[in-house]
Amino acid sequence: WEVGIAVLIVDLDLGLANLNVLAKANPAKNLEDYLYSQASLRECINPLSDGVSLLGGSSGSGEMGRPDSARRGKIFDGLASLQGDFDLILGDSSAGIGPDVLAFAAAADCVLAVATPEPASITDVYGILKALDSWGREHGLEVPTPSLVMNRVSGSAEAEGLAIRLSKVAKRFLSRKPRLVGWIPESRTVRMSALKQRPFVL
């Protein structure tokens with residue numbers, strides 16, 4: 001994103017949130033407090049740096065890990081109330097194709113599906129494309145086709161090759177054509193940034 005853009009990162013892994021760990025942040029309040037009406041949503045936002053803020057979640061809560069449409073609705077309403085405060089709201093969902101993941105993705109303006117070169121990861125991304133397509137048809141929604149981000153690749157050639165293969169399968173069986181919007185190289189710096197709990201761009 002550009003300098004001066006106000007960005008809110010939301011941890012949408014409601015049962016096993018960990019973005020606060022990666023950001024080395026220790027917010028006093030999080031999404032769970034908001035959902036149980038113990039704090040307003042703005043009280044749960046933790047400013048990080050350079051216009052980036054974090055709305056963290058809870059970890060290890062079995063209740064929060066269970067899908068709940070009323071809870072999702074409250075999150076949607078809360079995030080909608082913040083649109084005037086932020087230029088971009090970036091949600092990081094949990095893995096899998098559960099109701100929470102699909103509902104959050106279906107509500108987004110843009111969805112990024114992240115894959116690594118491993119065959120299992122590519123298969124999982126196709127599974128997400130298929131599940132989102134089914135979710136849209138079942139709920140009568142126009143769900144955007146996720147764009148692809150290839151992570152831990154050797155370079156642009158590998159990223160583009162993987163994306164082409166996945167796109168061909170999706171077009172054949174789902175009539176959807178996901179496009180590659182970026183790739184991230186295998187990098188010791190990224191690994192070290194996670195260990196040091198400091199964004200690698202810094």
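Start by selecting K74 and Y34: K74 lies over the face of the Y34 ring, 4.9 Å from the ring centre (a charge sits over a ring if NZ of Lys or CZ of Arg is within 6 Å of the ring centre and within 35 degrees of the ring normal). This is a predicted model, in which local features need pLDDT of at least 70 and side-chain atom pairs count only at pLDDT 80 or more, while totals for chains, interfaces and linings use all residues. Residues are numbered from 1 along each chain as its sequence is written, and side-chain values use heavy atoms, without hydrogens or water.

Next, select F76 and F104. They form the one aromatic pair of the structure. Their ring centres are 5.7 Å apart and the planes stand at 80 degrees, so the pair is edge-to-face (rings of Phe, Tyr and Trp, the last by its six-membered ring, pair with centres within 6.5 Å; planes under 30 degrees apart are stacked, over 60 edge-to-face, the rest tilted). F76 is in helix α4 (residues 69–80) and F104 in helix α5 (residues 99–107), 28 residues apart (helices are DSSP runs of H or I, at least four residues, and strands of E, at least two, numbered from the N terminus). F104 is buried at 7% relative accessible area, whereas F76, at 32%, is partly exposed (buried is under 20%, exposed over 50%, partly exposed in between, with a 1.4 Å probe and protein chains only).

Now show the open sheet, with strand order β5-β6-β7 and parallel pairing (two strands pair if DSSP finds at least two bridges between them). β5 (112–115) and β7 (180–185) are the edges, each with a single partner strand. Five bridges join β6 (residues 147–153) to β7; N151 has I184 as its partner in β7.
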